[in-house]
Amino acid sequence: MNDEKYMTIAIEEAKRGKGKTLPNPSVGAVIVKNGEVVATGFHEKAGMPHAEAVAIEKAGIKAKGATLYVTLEPCNHHGKTPPCTEKIIKAGIKRVVIGVKDPNPVAAGGIERLKNAGVEVVVGVKEKECKELIDDFTVLIKKKRAFCSLKLAMTLDGKIARKNGFSRWITGEESRRYVHRLRAEHNAVMVGAGTVLKDNPLLNVRLISAESQPKAIVVDSKLRIPVHSKLVKERASSLIVITTEKAMLSYKSGILRDLGVTLIPVNASENGINLNEALKSLPKLGIYSVMCEGGSRLSHSLIKENLVDKFYLFYAPKFFGNGVPALKGSEIDRKVSIFDIEPSGEDFLIKAYPEAR
């Protein structure tokens, strides 16, 4: 039980870096000696010291003979920083408790290295929670594209707006703050062109404090985005429009580029845009995680094409009846694995992952 207690502290440390560390994983560490926490650490961003190194540096001589709790298997390779395994061994730590193994084959091998050096190693403590911390990193490593989560805020009967399209506000204030926290944890927020035309959003973080703002992405096969929209007028330098090669030949594309908007041309598909190609193009721009916030056609396409890596489904305790459905498109058959169900003020949130096909 003590292992779970201290790993929980390490998880909370890791959350401090969530959204800032990519393309590295979010990792937290705690050093405990004689039942006392002597140091904590987390990975702040790529290129900076890893969580284990931060905690060991803080602990100093107290690290000798102590137990290290770390959410992810310590790295065993030379990257921008030295291997954490060597720091652990040199510090004299006698026991290491690990949440989850590293999915990156380049960095793996830390467990074996520590065991070979005589360090006691325990693996899999609060594994479920530690896996969630690195779900974005895992997709980046395994699928070679940006991680894509889908957020839907809807009524109990699955409507995201009234019949007239009015949607403000379906969920309560606490859920909206949660969404802004999610925005801060992603590199970009994505919507379809229809959402821009209907809601004229800014797609930024406002309800909580944030060190930096996520980029804004609009999927727009025909470049329908108005030049007078808030995104173009106020966020042009951080706005990315994913469109088609054909649309790039239009007069509108030149106007948008002159205003500072980044345009990414991808191949067309039967749904308008090749979304898989779009997600694979984003890491080249430093965007490794994206949260889609609609609309219903874009959400449908992402699910149908198996491109949603995580679902955040907010349900408000109300019914709209003949309103706008959460998904619009042809019939789809997809299953999810529910990770957690939790209250969110007067609403409730379902977090889920797609079931492996």
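Buried, on this tour, means under 20% relative accessible area, exposed means over 50%, and partly exposed is in between (1.4 Å probe, protein chains only). You are looking at a predicted model, where local features need pLDDT of at least 70, side-chain atom pairs count only at pLDDT 80 or more, and totals for chains, interfaces and linings use all residues. Residues are numbered from 1 along each chain as its sequence is written, and side-chain values use heavy atoms, with hydrogens and water left out.

**Stop 1: two aromatic pairs**

Select Phe339 and Tyr353: both are buried. Rings of Phe, Tyr and Trp (its six-membered ring) pair if their centres lie within 6.5 Å; planes under 30 degrees apart are stacked, over 60 edge-to-face, and the rest tilted. Four aromatic pairs turn up by that rule. Go to Tyr315 and Phe348, which are stacked, at 5.3 Å centre to centre with 15° between the planes. Tyr315 belongs to strand S13 and Phe348 to strand S16, so this pair ties together parts 33 residues apart in sequence. Strands (E, at least two residues) and helices (H or I, at least four) are DSSP runs, numbered from the N terminus. Tyr315 counts as buried at 18% relative accessibility, while Phe348 is partly exposed at 30%.

Now back to Phe339 and Tyr353: their ring centres are 5.7 Å apart and their planes sit at 90°, so this pair is edge-to-face. Phe339 is in strand S15 (residues 336-344) and Tyr353 in strand S16, 14 residues apart.

**Stop 2: charges over rings**

The rule here is NZ of Lys or CZ of Arg within 6 Å of the ring centre and within 35 degrees of the ring normal. For another example, pick Arg181, which lies over the face of Tyr178 at 4.6 Å from the ring centre.

**Stop 3: helix H6**

Select residues 135-143. Seven of the nine residues in helix H6 are buried, so the helix is largely enclosed by the rest of the structure. The buried ones are Asp135, Asp136, Phe137, Thr138, Val139, Leu140 and Ile141. What covers them? Show heavy atoms within 4.5 Å, the contact cut-off. The cover includes helix H5 (127-133), plus strands S6 (147-155), S12 (289-292), S13 (310-316) and S16 (347-354). Just past the helix, Lys144 takes a positive phi of about 55°.

**Stop 4**

A salt bridge is a side-chain nitrogen of Lys or Arg within 4 Å of a carboxyl oxygen of Asp or Glu. The structure holds 19 of them. Select Lys310 and Asp135, whose closest N and O atoms are 3.0 Å apart. This pair links strand S13 to helix H6, 175 residues apart. Lys310 is buried, with a relative accessible area of 2%, and Asp135 is buried too, at 10%.

Next, pick Asp309 and Lys143, which meet in a salt bridge at 3.2 Å, N to O. Asp309 is in the loop between H12 and S13, and Lys143 is in helix H6, 166 residues apart.

To see a network of salt bridges, select Lys18, Glu132, Asp135, Asp136, Lys310, Glu342 and Lys351 together.

**Stop 5: a nonpolar patch**

Switch to a surface and colour Leu156, Phe319, Val336, Ile338, Ile341 and Phe348: they make a nonpolar patch of about 560 Å². Patches use residues with over 30% relative accessible area and no salt bridge, joining like charges within 9 Å and nonpolar side chains (Val, Leu, Ile, Met, Phe, Trp, Tyr) within 5 Å. The areas come from the Shrake-Rupley method with a 1.4 Å probe, and for residues only the protein chains shown count as cover. S15 gives the largest share, three residues. Phe319 is in the loop between S13 and strand S14 (324-325), and is exposed, at 62% relative accessible area.

**Stop 6**

Pro23 is in the loop between helix H1 (2-15) and strand S1 (28-33). Gly294 to Gly295 is also cis, with omega near 5°. Last, select Leu223, which has a positive phi of about 50° although it is not a glycine. Leu223 counts as buried, at 4% relative accessibility.
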